Amino acid sequence: MRHWMKSGLLMTSLATAALAFSATSGADDFPSEPIEIVVHTSPGGGTDTTARIVALATQAQLGTNVYVQNKKGGGGSVAMSYVKSKPADGYTVMAITPTHLFTMLRGNSPLDIDDIQGLARATDDPIIVMVRGDSRYKSIHDLIEAGRAGVIKWGGTQIGGVDHIAAMSFAKAAGMKVSFVPFDSGAEFAAALSRGDIDAAGLNISETRDQIAAGDFRPLAVMADDRMKALPDVPTLSEKGLDISFSTVRGYVVLKSTPKARQEILEKAMLKGMESDRYQNYLKGIGLDETSIEGAADWDSQIRRMYKAGQETMQDLGLAQ
Amino acid sequence: MEHILTGFSILIDPMSLAVILLGTIVGVLVGALPGLSSSMAVALLLPFTIYLDPVPAISMLAALYCAGTFGGSITAILINAPGAPPAAATAFDGYPMAQRGEAGRALGMAAVASVIGGMLSLIVMVLAAPALARISHSFGPPEYFALAVFGLSMLASISGKSPVKNLIGGAFGLLIATVGVDLTTGVERFTFGVPELYEGISFIPILIGLFAIAELLAQANVRDKVLERISLNAIKLPSVTDFKRVWPTILRSSGIGTFIGILPAEGSTMAAMIGYNEARRWSKNGDKFGTGEIEGIAGPEAANNAATGGSMVPTLALGIPGSATAAVILGGLQIHGIRPGAYLFENQPDLLYSIFAAMFLANVVFLGFGLVGARLFSRISLIPRTFLWPTVFALCVVGAYGVNQSMVDVMIMLIAGFAGFWLKRYGFGAAPIIMGVVLGSLVENSLAQSMIIFDHDAWRFLDRPIAIGFFLLAAFSLFYQPVFGWLRRFRRPRSAASKGAK
């Protein structure tokens, strides 16, 4: 508690100092006002919690208040139209996930992929093709064969979400038939997989590390370009000749027309903040590591690649315009 | 035993004690304000807990959760505005009691029933968490569908009004629940291009509208005559006779609440609804429910607080949240680098027992708070309505707006308010509508998921024993009255003599 009050005091004095400074120096004293991070969900849940911790870590770097603004609805479109209504001055940052990209692809979205510019990535959790520990599918090859001969029941979150698009992209590339069973949360379809209600699922390491260790789940392949540090023996789909890379990512963007200098200040502050023990500890708690953190260049190109990959699958599924 | 003692030793640590007390008091206040729910308060406090050690941090959140569930009953009873969804069922009989001038009796009962429910579920949790976690793990879509069917079987009887009107109200609730993107098809339904409706109509604005705004409109219709204000009655706490009467109800509801709480994703609201309905079913005064029966408070309050303890079971033992608030607490564990699951039980039992201890303490604290507060808060029911209701209106608008900071939610609240007022005039109660909204998406989604899992063969529900059990309960709930009535008529000639002797 005392610690908290102390850092609170420090924060206020820093903020006052920053304010005093801004009054005298004029033009480029960004940031001199509070910065908001717009999140597309209600409080609670992974994206919101991550954003809140990033906000705390970032404000320690910038010396100005950074807070989370929840604008729920429309698969991110309420958040996007809110961001669009704000000036492109760097004081409004948006948290984005693949959901935002797929909402853009559906059409009629307030923002388009060309309107945003990536700042930094906070979490990167590749989707892993997983079956039950005692499943007869010993390798990704077995699963693909079975899917070509019959139908694989595959669990994920809502239709049009990253799990669905990833499963369908994989099925199409491998020539399998997949019957997709949507659930409300990852924990629910992980439980369904371990009960044997479904044959396979795309799950994250953060949700399944204990089950993999205990042998309850068997990871068959990772939907990423490189093997995961935590699963060095599990092949990637690209090794198997399937160029499928999907991941539960959370990162931050601003409007593209935001001044470059301000983008750099934000990027640097976020990256530095995420180096802190507190953020690293949080990453560890959700089963990830420092490879999750990425700067503007790589993050921005990842957004665009995922957008393109989603586009093809969504057109096939009749979801995209 | 050693671990239990170590766990409880956090209650000696002044820092932990202070944050647990803080969590409890914040919880009661936040729970009492409509629109501010305990899940939201936990979510907002979450990032700040990184400045604390893991044990006091999680203890504070758990205490807030317990207290928040109780807090909702205060406003439900006093102004018919349930502070949080789980308290909706408490308003059915609590508000009529307050209007009758028995606010203190109602508030006192809510506090005691909450604490007993909460404590019993905690004891169950300490003794049997890993075993119970296995039950919650075996609940898949088919089992949820059967449970939801059981819930829907209560629609006709949930309020004393006409069963046909209850069914119409329930169907209306189900219709409201269809708004938004369908889980299994991804198709938008009844959203009319409003992005705020994409994820469905939020529950809290509907709740505030149907209860508080509808009541406000009804009150506006009444001329404010000078009421006889016998303040002595209003602040009177429940008597020993009251407790003797509700004892079985509290025990039954604690069991129901613990069980529903253990099921992943089914939280206190459903527990309270079922607890209320069972209290009514087994009560001698079942037909008086809705007019201010004290069992109608004990039933839902014991159940919704029992569900808080219950919902921590899958959260801690499996990492599957047992309710919306438990999901946020799960996030709190992760912030501190703690992984729930079997690992936690084997390697960090101390932490586990500390959480139990914190929730235990929270229950004790809000019992005191509730009983002392009951005498204080009950005076609110004595405020002249010309002053009270405009204030309530402001509170409602802020509450509806605050959830998602959205004006659409305020509109939904107002529409629900006018609809609720109008429906009430024609004899439709809020209870079946709320029940329909709560169960709507569960019954639909779980059926759709089950059918995909069963390769579209509905007979395969018969492979799932738990599901069959709930289908039988649903059948029992629908038919026990006609069947028992028939049996009684059949047996009356023979048993008339023994009955006459009574």
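Trainee: Which residues do ring pairs link into a cluster in chain B?
Mentor: Bear in mind that this is a predicted model, where local features need pLDDT of at least 70 and side-chain atom pairs count only at pLDDT 80 or more, while totals for chains, interfaces and linings use all residues. Residues are numbered from 1 along each chain as its sequence is written, chains are lettered from A and ligands numbered from 1 in the order in which they are written, and side-chain values use heavy atoms, with hydrogens and water left out. Rings of Phe, Tyr and Trp (its six-membered ring) pair if their centres lie within 6.5 Å; planes under 30 degrees apart are stacked, over 60 edge-to-face, and the rest tilted. The cluster joined by such pairs is Phe139(B), Tyr144(B), Phe150(B), Phe259(B) and Phe470(B).

Trainee: How many aromatic pairs turn up over all chains?
Mentor: A pair of rings is described by the distance of the centres and the angle of the planes. Searching the whole structure gives 19 aromatic pairs.

Trainee: What kind of pair do Phe145(B) and Phe471(B) make?
Mentor: Their ring centres are 6.1 Å apart and the planes sit at 70 degrees, so the pair is edge-to-face. The two residues are 326 apart in the chain, with Phe145(B) in helix 7 (residues 141-152) and Phe471(B) in helix 20 (residues 465-501) of chain B; helices here are DSSP runs (H or I, at least four residues), strands are E runs of at least two, and both are numbered from the N terminus. In a word, the pair is edge-to-face.

Trainee: Is Phe145(B) buried or exposed?
Mentor: Buried means under 20% relative accessible area, exposed over 50%, and partly exposed in between (1.4 Å probe, protein chains only). Phe471(B), at 26%, counts as partly exposed. Phe145(B) has 13% relative accessibility, so that one is buried.

Trainee: How much area do chain A and chain B bury between them?
Mentor: Buried area is the accessible area (1.4 Å probe) that two parts lose on being put together, summed over both. Carbon and sulfur atoms hold 59% of it here. The total is about 3,900 Å².

Trainee: Which residue of chain B meets Asp197(A) in a salt bridge?
Mentor: The rule wants a side-chain nitrogen of Lys or Arg within 4 Å of a carboxyl oxygen of Asp or Glu. It finds two salt bridges across this interface. In one of them, at 2.9 Å from N to O, the partner of Asp197(A) is Arg464(B).
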